Amino acid sequence: IAEHFPAADDLLDLMQAQERYIARAIARRYPPVGKQPRIEQRQNSTVICKMMGQLGHTITPELLRKWVERGKITSATVDGRNMYLMSEVLREHRRQD
């Protein structure tokens, strides 16, 4: 067929690229069973406050420290800096509203 249809090779390449694209889209939407979820990385207060600001919420480093003192969220100290989980901050902020 390729002899009579010069675009056959180009079409084959296009179809293979589409197959890879579809496979990636399906894998993102339906992750394989048994695959370990990503572990959330802790962020410092500057990053947390900036990300919350981008979501339209005002959070300060002082508020984060108060929440830790009250047991609302957790923190871990890395190189002398408190590190927080964004998921915990979001959950506590929603709970406060």
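## Glu92 in helix α4

Glu92 lies in helix α4, where helices (H or I, at least four residues) and strands (E, at least two) are DSSP runs, numbered from the N terminus. The structure is a predicted model, in which local features need pLDDT of at least 70 and side-chain atom pairs count only at pLDDT 80 or more, while totals for chains, interfaces and linings use all residues. Residues are numbered from 1 along each chain as its sequence is written, and side-chain values use heavy atoms, with hydrogens and water left out.

Is Glu92 buried or exposed? Glu92 counts as buried because its relative accessible area is 4%, given that buried means under 20% relative accessible area, exposed over 50%, and partly exposed in between (1.4 Å probe, protein chains only). Not counting residues up to four places away in sequence, Glu92 touches Trp67, Lys72 and Ile73, where a contact means heavy atoms within 4.5 Å.

## Confidence of the model

The predictor's confidence in each residue is given as pLDDT, from 0 to 100. The chain averages a pLDDT of 90, and 97% of the residues score at least 70. In the chain, confidence is lowest in helix α1 (residues 8–29), with a mean of 89, and highest in α3, with 97.

A nonpolar core is a set of buried Ala, Val, Leu, Ile, Met, Phe, Trp, Tyr and Cys residues joined through side-chain atoms within 4.5 Å. The largest one here has eleven residues in all, namely Ile48, Cys49, Met52, Ile59, Leu64, Trp67, Ile73, Tyr84, Met86, Val89 and Leu90. Two or more residues of this core come from each of the elements α2 (45–54), α3 (61–69) and α4 (86–96). One of the core residues, Trp67, touches Ile59, Lys72, Ile73, Val89, Glu92, His93 and Gln96, when residues up to four places away in sequence are not counted.

Which residues of α4 are buried? They are Met86, Glu88, Val89, Leu90, Glu92 and His93, and what covers them includes α2, α3 and β3 (81–84).

## Two salt bridges

A salt bridge is a side-chain nitrogen of Lys or Arg within 4 Å of a carboxyl oxygen of Asp or Glu, and by this rule the count comes to two. In one of them Arg95 is joined to Glu92, with the closest N and O atoms 3.1 Å apart. Because Arg95 and Glu92 are three residues apart in helix α4, about one helical turn separates them.

The other salt bridge links Arg65 with Glu62, and here the closest N and O atoms are 3.5 Å apart. Both of these residues lie in helix α3, three residues apart, about one turn of the helix. Arg65 counts as partly exposed because its relative accessibility is 37%, and Glu62 counts as partly exposed because its value is 44%.

## The three-stranded sheet

Strands of a sheet pair through backbone hydrogen bonds, either parallel or antiparallel, and two strands are said to pair if DSSP finds at least two bridges between them. In this model an open sheet of three strands has the order β1-β3-β2, with antiparallel pairing. The edge strands are β1 and β2, each of which pairs on one side only.

Strand β1 (residues 43–44) pairs with β3 over two bridges in the antiparallel sense, and the bridge partner of Asn44 in β3 is Met83. Strand β2 (residues 75–78) also pairs with β3 in the antiparallel sense, over four bridges; Ala76 stands opposite Met83 in β3, while Thr77 stands opposite Asn82 in β3. Between β2 and β3, which form a hairpin, there are two residues, and Asp79 in the turn has a positive phi of about 50°.

## Two residues of helix α2

Ser45 is found in helix α2, and Ser45 counts as buried because its relative accessible area is 13%. Leaving aside its neighbours within four places in sequence, Ser45 is in contact with Pro61, Leu64, Asn82 and Tyr84.

Lys50 is also found in helix α2, but Lys50 counts as exposed because its relative accessibility is 56%. From C-alpha to C-alpha, Lys50 and Ala23 are 35 Å apart in space, and in sequence they are 27 residues apart.
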